[in-house]
Amino acid sequence: MTAAHLTTPARRTALRRRIRLLVAATITYNVIEAVVAITAGTLASSAALVGFGLDSVVEVASAAAVAWQFSAADHERRERTALRVIAISFFALAAYVTFDAVRTLLGVGEAEHSTPGLILAALSLVIMPFLSHAQRRAGRELGSASAVADSKQTLLCTYLSGVLLVGLALNSLFGWSWADPVAALVIAAVAVKEGREAWRGDACCAVPAGLEEQADGRAPDCSCCSASGE
């Protein structure tokens, strides 16, 4: 696909519409996910499940920022504000996950087995990667840093789904309550890194595909995408 084709009004309109649909799907799923996780977590006294539900709320805030941005015809003017909201969402997620993980490691609360929690984590582990990948591709093609950043937030939710699934399973099978908070601390560190990049406005490969050189003649650096499986 050529850069000239990507800059046509029809193509950009189609990409904006695709991003809006993906964001709407992300918001809808995460609202359901938040309600189920927080309810199941409260019933099972599972801090991990409640934390996962709050992560879904953060994801809704991030996706809503992108939805707000792309509700305007000139979405580029809202890019910086959307990125700041996404960055704050990352920082809020990292803060809560860290607090919850340390609290769990200190032995505050013993979680019970939760079948709804296991099912929810497994479903999210399947659904979220598809949403993240589709939005990342559309965001890169359109050259939207905020859409790419929000796709990273969705991908982080995928990692948290895996952490939650393993943590709940190990706790149910072997009583290893420490497995989930340790992995969660790693996820928190990743969230801080992504939040810093979003705050600075770093757009990993958020350039239209086919642009082989930047304005100054240098090739764009997309090594971060190859590192993340792109």
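Q: Axes are lines fitted to C-alpha atoms, for helices over the stretch in contact, and angles run from 0 to 180 degrees between N-to-C directions. Why are H5 and H6 called roughly antiparallel to each other?
A: This is a predicted model, in which local features need pLDDT of at least 70 and side-chain atom pairs count only at pLDDT 80 or more, while totals for chains, interfaces and linings use all residues. Residues are numbered from 1 along each chain as its sequence is written, and side-chain values use heavy atoms, without hydrogens or water. The axes of H5 (115–142) and H6 (145–174) cross at roughly 160° and come within 8 Å. Angles over 145 degrees count as roughly antiparallel (under 35 roughly parallel, 65 to 115 roughly perpendicular, the rest oblique), and H5 and H6 are therefore roughly antiparallel.

Q: What is the handedness of the crossing of H5 and H6, and how does their contact divide by class?
A: H5 passes H6 in a left-handed crossing, a term for a near helix turned anticlockwise from the far one by less than a right angle (clockwise is right-handed). The contact of H5 with H6 has 15 nonpolar, ten polar and three charged residues. Here Ala, Val, Leu, Ile, Met, Phe, Trp, Tyr, Cys and Pro count as nonpolar, Asp, Glu, Lys and Arg as charged, and the others, Gly among them, as polar.

Q: How do you know that H3 is roughly antiparallel to H6?
A: H3 and H6 pack at an angle of about 170°, and their axes are 10 Å apart. At that angle, H3 and H6 are therefore roughly antiparallel. Their crossing is left-handed. Among the residues that make the contact are Phe52, Glu59 and Val66 of H3, together with Cys157 and Leu164 of H6. The residues of this contact comprise ten nonpolar, six polar and three charged.

Q: What makes H2 roughly antiparallel to H3?
A: The axes of H2 and H3 cross at roughly 160° and come within 7 Å. The angle therefore makes H2 roughly antiparallel to H3. H2 passes H3 in a left-handed crossing, and the residues of this contact divide into 18 nonpolar, six polar and two charged.

Q: Why does asparagine 30 count as buried?
A: Asparagine 30 lies in helix H2 (residues 9–44). Buried means under 20% relative accessible area (over 50% is exposed, in between partly exposed; 1.4 Å probe, protein chains only). Asparagine 30 has 0% relative accessibility, so this residue counts as buried. Setting aside neighbours within four places in sequence, asparagine 30 is in contact (heavy atoms within 4.5 Å) with Ser56, Glu59, Val60, Met128 and Cys157.

Q: Why is phenylalanine 52 called buried?
A: Phenylalanine 52 belongs to helix H3, and at 3% relative accessibility it therefore counts as buried. Apart from neighbours within four places in sequence, phenylalanine 52 is in contact with residues including Glu33, Ala37, Leu120, Cys157 and Leu164. Glycine 41 is eleven residues from phenylalanine 52 in sequence and 8.9 Å from it in space, C-alpha to C-alpha.

Q: Which residues have the most contacts inside the largest nonpolar core?
A: They are Ile19 and Phe52, in a core of 41 residues. A nonpolar core joins buried Ala, Val, Leu, Ile, Met, Phe, Trp, Tyr and Cys residues through side-chain atoms within 4.5 Å. H2, H3, H4, H5, H6 and H7 each supply at least two residues of this core, and H6 gives the largest share, nine residues. Not counting residues up to four places away in sequence, isoleucine 19 touches Val66, Phe70, Ala138, Gly139, Leu142 and Ala147.

Note on methods
Helices (H or I, at least four residues) and strands (E, at least two) are DSSP runs, numbered from the N terminus.
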